[in-house]
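Open the model in your viewer and keep the selection tool ready. At each stop, select the residues named, then read what is there.

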Amino acid sequence: MDARTEPAEAESDAIARPPLVRELLLVAGLFLVYKLGRQLATGHTGEALRNARRVWDLERAVHLPGEGAVQSALLHGDTLVHLANTYYATVHFPATAAFLVWLYLRRPAHYVWARRVLAAVTAAALVLPFTFPLAPPRMLAGTGLVDTARVYGPSVYGPPQTDHLSNQYAAMPSLHFGWALMVAIGLIVATRSRWRLLWLLHPLVTLLVIVGTANHYWLDAIVATAMLGVALALIHPPHRTESAVSRPRRGRRGLVSPKEPVLVGAAR
């Protein structure tokens, strides 16, 4: 991760890192609440399949691209679809965890902001499985879509009837996409590299993977984006302001001490 901007020490001087043990407990607690919350929303198979048909019909009515077009591209070769399944199974949590760890170590103020945003989006995502259970497109008959993870591997899900580790009828919103988009936005905001917009490749690849593997609809990603947008509108990143002196520079009348930008606002 490229952070060729103000030295990390500038922010560390202004913003103290939150206690590590507390942060580990907070993040672990958030994950457990999310997993348990999704489990509590199980048992709505019939409604989830009916909602899946409604979402599918709505997407066709508003002329969204067909999920099948993305999957057809993946199915041109076993290697490509296997890579997509592997990306879906292995990148989601490690990438988000690495993002938070890097921010904690190098950009503490941005870490607090990003953690709050992710917590807000994740908490909001727990509501929809109760109010709108949704089967993924791979379970919807008549679409022609293939469950690529089951056919080509690797798969993170077992048969829905015996899978007690996840709620497969909670496709909306897609936190795979919502978290990936937040990782990209967070790194763009926290760094100043000229290449930082390339972080948007992560949510773009994630979007193509979740749709192409028939784990999510386009609408799942759209709803996740809307939730993230609300969270970002309410939870602002640290901003830069003119404050204390960092290093002197030479002017016409000798050494002067310009004001250097520092990060503030982490405690909001």
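**Stop 1: a cavity between helices**

Select helix 6 (92-106), helix 10 (175-190) and helix 11 in this predicted model. Each of these helices supplies at least two residues to the lining of the second largest cavity. Which helix gives the most to that lining? Helix 10 does, with 4 residues.

Now select the whole lining. Pick Y87, V91, H92, A95, T96, H176, W179, A180, V183, H202 and T206. The space they line is about 60 Å³. The structure holds 2 cavities of 30 Å³ or more.

Colour the lining by residue type. How many of its residues are nonpolar, polar and charged? The lining has 6 nonpolar residues, 5 polar ones and no charged ones.

**Stop 2: H92**

Stay with the lining and select H92, which is one of its residues. H92 is found in helix 6. Is H92 buried or exposed? H92 counts as buried, because its relative accessibility is 10% and the cut-off for buried is under 20%.

**Stop 3**

Switch to a surface view. Select W195, L198, L201, L204, V205 and L208. Together they make a nonpolar surface patch of about 590 Å².

Zoom in on L204. L204 lies in helix 11, which runs over residues 201-212. L204 is partly exposed, with a relative accessible area of 44%.

**Stop 4: salt bridges**

How many salt bridges does the structure hold? There are 6.

Start with D57 and R53. Their side chains meet in a salt bridge, at 3.9 Å from N to O. Both residues sit in helix 3 (residues 45-61), 4 residues apart, so about one helical turn separates them. D57 is partly exposed at 41% relative accessible area. R53 is partly exposed too, at 31% relative accessibility.

Next, select E59, R60 and E67. R60 meets E59 in a salt bridge of 3.3 Å, N to O. R60 also meets E67, again at 3.3 Å, N to O. E59 counts as buried, at 0% relative accessibility. E67 is buried as well, at 0%. R60 counts as partly exposed, at 27%.

Then select R22, E23 and R115. These residues are linked in a network of salt bridges.

**Stop 5**

Turn to the backbone. Most residues other than glycine have a negative phi, and most peptide bonds are trans. The next two stops show exceptions.

Select G153 and P154. The peptide bond from G153 to P154 is cis, with omega near -10°. Where is P154? P154 is in the loop between helix 9 (148-152) and helix 10.

Follow the backbone to M172 and P173. A cis peptide bond joins M172 and P173, with omega about -5°. P173 also has its place in the loop between helix 9 and helix 10.

**Stop 6: two positive phi angles**

Select H63. H63 is not a glycine, yet its phi is positive, at about 65°. Look for H63 in the loop between helix 3 and helix 4 (67-74). Is H63 buried or exposed? H63 counts as exposed, because its relative accessibility is 70% and the cut-off for exposed is over 50%.

Finish at A214. Phi of A214 is near 65°, a positive value in a residue other than glycine. A214 lies in the loop between helix 11 and helix 12 (218-234). Hide the surface to see A214: this residue is buried, with a relative accessible area of 0%.

Definitions and conventions. Residues numbered from 1 in each chain as written. Predicted model: local features only at pLDDT ≥ 70, side-chain atom pairs only at ≥ 80, totals over all residues. Heavy atoms only, no water. Patch = residues over 30% accessible without salt bridge, like charges linked within 9 Å, V, L, I, M, F, W, Y side chains within 5 Å. Areas by Shrake-Rupley, 256 points an atom, 1.4 Å probe, with all protein chains shown as cover. Salt bridge = Lys/Arg side-chain N within 4 Å of Asp/Glu carboxyl O. Buried < 20%, exposed > 50% of the residue type's maximum accessible area, 1.4 Å probe, protein only. 1 Å grid on protein atoms, 1.4 Å probe; cavity = no way out; pocket = protein on both sides within 12 Å on 5 of 7 lines; lining within 4 Å. Points joined across faces, edges and corners; volume = space filled by probe spheres on them. Nonpolar A, V, L, I, M, F, W, Y, C, P; charged D, E, K, R; others polar.
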